[in-house]
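Here is a short report for a reader meeting this structure for the first time. Please keep the model in view while reading.

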Amino acid sequence: MFLEQNKHSKRGSWGEMPRACATVFLAIYFTGLGLTVACNTSSGSSLLLSVVKGKLFSFWLVPPWLDLGFDYPLSYGQQADAAHYLELREYGQEKWIKLSGIDGKHSQSIRWQRLLHSVIASEEEAGREGLLPAGFSEAAFSLCESDDIVLRILVQPRPERQLPLGNPAPIVLYEARLRKLSGGDIQLIKSEHHREMAPVISGSGGA
Amino acid sequence: MMGNSHSTSADQSSEGALEQAWEAYWFLPTVSCSLAVVRVVTGVLGLLLCATYGTDLSGWFGPRGWLPIDSVIAWRSSFAYSIFDACETNTHLSVAFYGLVSLFGFLTIGFLTPVTSLLAALGWASLLHRGPMLAGPADDGMAILLWCLVIGSSGEYFSIDAILHRRLGWYASRPRVRTRIAVGLLQVHAAVISLAALLAQLKGDVWWNGTAVWWIATRKPGQVVDITGFLSQSEYLCNILTHGVIAWEAFVAVGIWFTFSQKIVARAGLVVWPIIGVLTACPLWGLVMATLTIPLTQLVDGAKS
C-alpha cells in the first residue's frame, strides 16, 4: 500500500480517482474526435458512423466544441472554391452595386467568401435554403435604398495554369428578388432562369 | 498449460506497458514554460483574428447587418449559444466584442490567467456561434488552443501573474499534471488536424496532379503574396509546392509520435506551417498550427535531459 502511495507521489499530485476520471473523459473525447474526423459533413460519411455520432454526441456537435472534423481541403480546383462576389440592384434598375471588401486581399474578405459559399451550399440543404439570403434583406434594402431589390452571387472562374492570366466572365450562381411586403414580411423569389435545362426532344421517332 | 501461463504473463506485461505509457503520457507532471509561450502567441493570434471581424462587425452582426440573429439561429445547430445573440444594438455589440479583445490582451500579458483563459475561450466560442458560417480553419484552431490553455496552467511564466506571485511570495511554479494533459492534447490535435486535412485534400485530383497551389494562388480574396507569375513559369515549382504540403502534413501526422522525428516536427513546424499558411492563403491557420507544435519542442528537450 505504501509502495503504491509512493508510486502515486512519483507520478504527481493526482490520485487514482482523478486519473481514472481524466482517462474516461479523454476516451470519450477521442471517440467523438475520431467520429467527427471519420464522418465530418463534407468528407463523406457512412450511415452507421453518422448515426452513432448523432446519438452519442448530438449535444456536443457544435463547431468550437467537438464537431470540427478539420476538413480543410483548401482547394479542389473547382468552381465552388473560386472567388465569389455579391451584387445588388434595385428591382427594375439596370446598374448593379458590387460590394467592396469581398474580393480584397485583406483577411475580412476571407470571411465574406465563407459567407457566400455558405449561401450557395445551404441551397442544397433541406431546411436551410433561402435562410441566409432572406437574412440579408435589411442590409441590402438599406444599401440600395429600396424595399424591393435583386441580389445575385457570382463566381469568378480561374484560368488553367497553362493559359494566359485573364479575367473570364463571372458566372451567376444564385439570384433572387427580395421585397418587403406591406405587413413587414420579407418575400424571397428565387430566379431559376440561369439554371441548365434539359434539351427538348421533339418528334415521335424515339425508342 | 505452461504455454498458457506464458501467454498470460506476456499479456499482463504488455497491458502493464500500455498502462505505463498512458500514465507517462498524460499524467507525468510537466513544467508550464512552453504552455506559457503558447499562451502569449495565442493571445496575439486572438487579437489578429478579432481584427478580421473588427471593421465589419456591425455590418455583419448589427441590427441592420447581413447576419441578423433570427436567420443565424435558424441556420446554426440548436445546441449553439452565443452571448452576442443578446446584443441588439451596435453599442452592446461593440462592448461585448471589445470585452473579448481585452480578454485576449490580458491573456497575452498573463493577467489573472486562469480566469482570463476561461472567459476568452467562452467569448471566442460565442463569437463563432454568432456567425458560424464566417468561421474557418484558424478559428477552429484558436478554439482548441484556448481550451487547452484553460486545462493547463499557463500563467506561471512570462506573465503579470508570475511577477505578482514572486513579489507577494504566494506560490512558486511547479510541474503539474493538468499542464501535461494540455500539452498532450495540443500534440494530439496537431496530429489529428494534419491527418484530417491530408485526408480531405487527397480526395481532390488537384492534390494528386500537383496543381492545387496554382488554384489557391489564383484566388484573390485573402491572398497574401501573388505567386501566380512564378507558378505559370514553372510547372515543377507548382508540383513541388503542392506535393510538399501533402508530404509535410503526412510527416506531421505520423512523425509527431516518434522520438527520432519529433525533433524535426517540433523545430521545422515553427517555420514550415507559416509558409504553408501563406501558400494556401490561410496565414493565420499556418500560425495556429505552428503554435500547436511549440510544446513539442519542450517535450523533445525534456526527453533529452
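## Helices H6 and H7 of chain B

In this predicted model, helix H6 (residues 113–130) of chain B packs against helix H7 (residues 137–151) of chain B. Their axes lie 8 Å apart, at an angle of about 155°. Angles over 145 degrees count as roughly antiparallel, so H6(B) and H7(B) are roughly antiparallel to each other. The crossing of H6(B) past H7(B) is left-handed.

Which residues make the contact? H6(B) brings B:Ser117, B:Leu118, B:Ala120, B:Ala121, B:Trp124, B:Ala125 and B:Leu128. H7(B) brings B:Asp139, B:Met142, B:Ala143, B:Leu146, B:Trp147, B:Leu149 and B:Val150. By class, the residues of this contact are twelve nonpolar, one polar and one charged.

## Helices H7 and H9 of chain B

H7(B) also packs with H9(B): their axes come within 8 Å and cross at roughly 160°. H7(B) is therefore roughly antiparallel to H9(B). Here the crossing is right-handed.

From H7(B), the contact uses B:Ile144, B:Cys148 and B:Ile151. From H9(B) come B:Arg178, B:Ile181, B:Ala182, B:Leu185, B:Leu186 and B:His189. The residues of the contact divide into seven nonpolar, one polar and one charged.

## The largest nonpolar core

In soluble globular proteins, nonpolar side chains tend to be buried together. The largest nonpolar core in this model has 117 residues. Those that touch the most other members are A:Leu151, B:Trp124, B:Met142, B:Leu146, B:Cys148, B:Val213 and B:Val288. H9(B) supplies the largest share of this core, with 14 residues.

B:Trp124 is one of those core residues. What does B:Trp124 contact, leaving aside its neighbours within four places in sequence? The partners are B:Gly46, B:Leu100, B:Met142, B:Ala143 and B:Leu146. Among them, B:Met142, B:Ala143 and B:Leu146 belong to the H7(B) side of the helix contact described above.

## Where the chains meet

The contact between the chains takes 58 residues from chain B and 53 residues from chain A. On the side of chain B, the elements that give two or more residues are helix H1 (2–27), helix H4 (69–75), H6, H7, helix H9 (177–201), helix H11 (212–217), helix H12 (228–233) and helix H13 (235–255). H9(B) gives the most, with nine residues. The side of chain B that touches chain A has 35 nonpolar, 15 polar and eight charged residues.

## Chain A in outline

Chain A contains six helices and five strands. Along the sequence, the pattern is α-α-α-β-β-α-α-α-β-β-β. Of the 207 residues in chain A, 27% are buried. Among contacts in chain A with a separation of 6 or more, 51% join residues 24 or more positions apart.

## Two residues with positive phi

Most residues other than glycine have a negative phi, and most peptide bonds are trans. A:Glu145 has a positive phi, near 55°. This residue lies in the loop between helix H6 (137–144) and strand S3 (148–155) of chain A. Is A:Glu145 buried or exposed? A:Glu145 counts as exposed because it has 8 C-beta neighbours inside 10 Å.

B:Phe158 also has a positive phi, near 50°. B:Phe158 sits in the loop between H7 and helix H8 (160–168) of chain B. With 17 C-beta neighbours inside 10 Å, B:Phe158 counts as partly exposed.

Conventions. Residues are numbered from 1 along each chain as its sequence is written. Chains are lettered from A and ligands numbered from 1 in the order in which they are written. This is a predicted model: local features need pLDDT of at least 70, side-chain atom pairs count only at pLDDT 80 or more; totals for chains, interfaces and linings use all residues. Axes are lines fitted to C-alpha atoms, for helices over the stretch in contact, and angles run from 0 to 180 degrees between N-to-C directions. Helices (H or I, at least four residues) and strands (E, at least two) are DSSP runs, numbered from the N terminus. Angles under 35 degrees count as roughly parallel, over 145 as roughly antiparallel, 65 to 115 as roughly perpendicular and the rest as oblique. A crossing is left-handed if the near helix is turned anticlockwise from the far one by less than a right angle, and right-handed if clockwise. Two residues are in contact if their C-beta atoms, placed from the backbone, lie within 7 Å. Ala, Val, Leu, Ile, Met, Phe, Trp, Tyr, Cys and Pro count as nonpolar, Asp, Glu, Lys and Arg as charged, and the others, Gly among them, as polar. A nonpolar core is a set of buried Ala, Val, Leu, Ile, Met, Phe, Trp, Tyr and Cys residues joined through C-beta atoms within 7 Å. A residue is buried if 20 or more other C-beta atoms lie within 10 Å of its own, exposed if 12 or fewer, and partly exposed in between; C-beta atoms are placed from the backbone.
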